[in-house]
Amino acid sequence: MGFATDAIHAGQKPDEGTGAVVTSIQMTSTYAQEDLGKNKGYEYGRVHNLTRESMEKNIATLEKGKYGISFSSGLAAIQAVISLVNSGDHVIATANLYGGSFRLFDTIIKNYGIEFSWVNTDNIVEVNSAVKQNTKMIFVETPTNPLLILSDINAISKIAKKNKIILAVDNTFMSPYFQNPLVLGADIVVHSSSKYLSGHSDIISGIVITNDEEINKKLKYTQKAIGAIPSPFDCWLILRSTKTLALRMKQHNQNAIEISKYLSTKKYVKNIYYPGLKNHPQHKLAKKQMSGFGGIVTVEFVNFKLTKKFITKTKLFTLAESLGGVETLISHPATMSHGSVPEKRRLEMGITKSLIRISVGIEDVEDLIADIENAMQ
Ligand SMILES: *Cc1c(COP(=O)(O)O)cnc(C)c1O
């Protein structure tokens with residue numbers, strides 16, 4: 001089936017009792033058991049929930065995976081993924097990981113005796129030479145936030161397979177519509193469902209997808225044992241949202257292409273980062289492993305005054321954390337997502353005060369461009 005068909009049908013069927021077309025929000029903590037040791041496969045809400053199972057099956061299908069295991073946030077999902085490794089193990093992670101993932105690994109997981117190497121995973125040679133005897137996982141984010149640096153998932157998966165290492169990919173920025181890491185050779189995909197999957201900036205949730213039975217078993221166990229599960233209502237909202245994921249992603253992509261082209265022509269723009277632009281250093285790789293370029297455009301203005309002007313004078317661009325919603329949002333990495341990164345390191349990374357990240361929404365792009373035009377005059 002095609003993506004949009006799966007998005008609308010996978011994991012869902014009309015209710016057998018009533019014929020209700022839409023999967024219900026199953027608000028129950030417990031299930032009646034017919035006899036001792038006899039039940040319908042549902043016992044307790046932390047372990048089983050119909051709405052959650054539908055949503056997990058739905059997103060697993062979109063990611064071309066067999067199993068979906070969902071969590072109360074993207075970070076809870078990432079915590080479950082990293083709990084697949086043990087004390088004494090070594091993990092290779094993308095140097096410029098999402099701030100929350102970095103914080104989790106560096107300030108909490110590290111204390112459990114797990115060693116991390118922060119590697120520029122866009123460079124295959126660096127990935128290869130970072131592999132050690134005890135390396136058990138490579139954790140990659142592509143494209144990265146906010147500079148949209150790509151890592152070659154297929155090339156990294158070859159290194160992982162050769163060395164019996166689990167490859168996990170955070171696919172939040174592309175959504176399953178534009179990139180399917182499992183097809184490219186990854187063992188695990190993780191998403192913050194708070195972003196494109198839910199797409200309306202109204203919930204916090206996360207999910208892990210895999211084809212590996214052993215990994216699925218362990219993650220299901222973590223889901224049950226730790227208990228960081230999403231609520232039935234949040235699961236229902238995600239299920240409702242993925243029905244329009246194809247339409248939304250097409251529009252995010254289209255709008256982002258037009259905005260990035262428009263901004264490329266402006267004298268007040270110093271640098272523009274978007275994998276869809278021909279001058280993006282990894283445009284070729286983007287075309288190879290992604291079927292679109294996504295909705296995130298990062299812009300550096302020639303000075304901070306112009307950056308402030310853009311942030312304060314635009315009316316349709318809301319200054320806020322997060323991304324992937326229908327409305328256009330801007331974030332200022334230097335003071336927001338990367339505020340705790342020491343200034344020297346931040347500048348080395350290229351994240352100056354004059355840089356903003358735009359999560360391009362699905363408004364009429366003419367209105368977005370007119371808004372920029374007015375603001376910058
Ligand atoms: C937002 C985000 C996360 C964390 O997800 P939450 O749902 O906020 O916990 C992880 N990775 C990426 C790339 C994100 O954008």
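The structure is a predicted model, in which local features need pLDDT of at least 70 and side-chain atom pairs count only at pLDDT 80 or more, while totals for chains, interfaces and linings use all residues. Residues are numbered from 1 along each chain as its sequence is written, and side-chain values use heavy atoms, with hydrogens and water left out.

**The sheet**

Select the strands first. Helices (H or I, at least four residues) and strands (E, at least two) are DSSP runs, numbered from the N terminus. Seven strands form an open sheet of mixed pairing, in the order 1-7-6-5-4-2-3; two strands pair if DSSP finds at least two bridges between them. Strand 1 (67-71) and strand 3 (115-119) stand at the edges with a single partner strand each, so one side of each has no neighbour in the sheet. From one strand to the next, the twist averages 20 degrees.

Next, select strand 4 and strand 5 (residues 166-170), which pair in the parallel sense over five bridges. F139 has A168 in strand 5 as its bridge partner. Axes are lines fitted to C-alpha atoms, for helices over the stretch in contact, and angles run from 0 to 180 degrees between N-to-C directions.

**Serine 151**

Now select S151, in the loop between strand 4 (135-141) and helix 6 (153-162). S151 is buried, at a relative accessible area of 2%; buried means under 20% relative accessible area, exposed over 50%, and partly exposed in between (1.4 Å probe, protein chains only). The side chain of S151 makes a polar contact with that of T121 (2.7 Å). Such a contact is a pair of N or O atoms within 3.5 Å; within protein, one must be able to donate a hydrogen and the other to accept it, and residues adjacent in sequence count only if both atoms are side-chain atoms.

**Helix 14**

Finally, select V365, L368, I369, D371, I372, A375 and M376, the buried residues of helix 14. Seen down the axis of helix 14, these buried residues fall within an arc of 155 degrees (taken from the directions from the helix axis to the C-beta atoms), so they line one face of the helix. The face turned away from the buried side carries the exposed residues E366 and N374. Helix 10 (245-264), strand 9 (296-301) and helix 12 (304-313) are among what covers the buried residues of helix 14.

Terms used:
Contact = heavy atoms within 4.5 Å.
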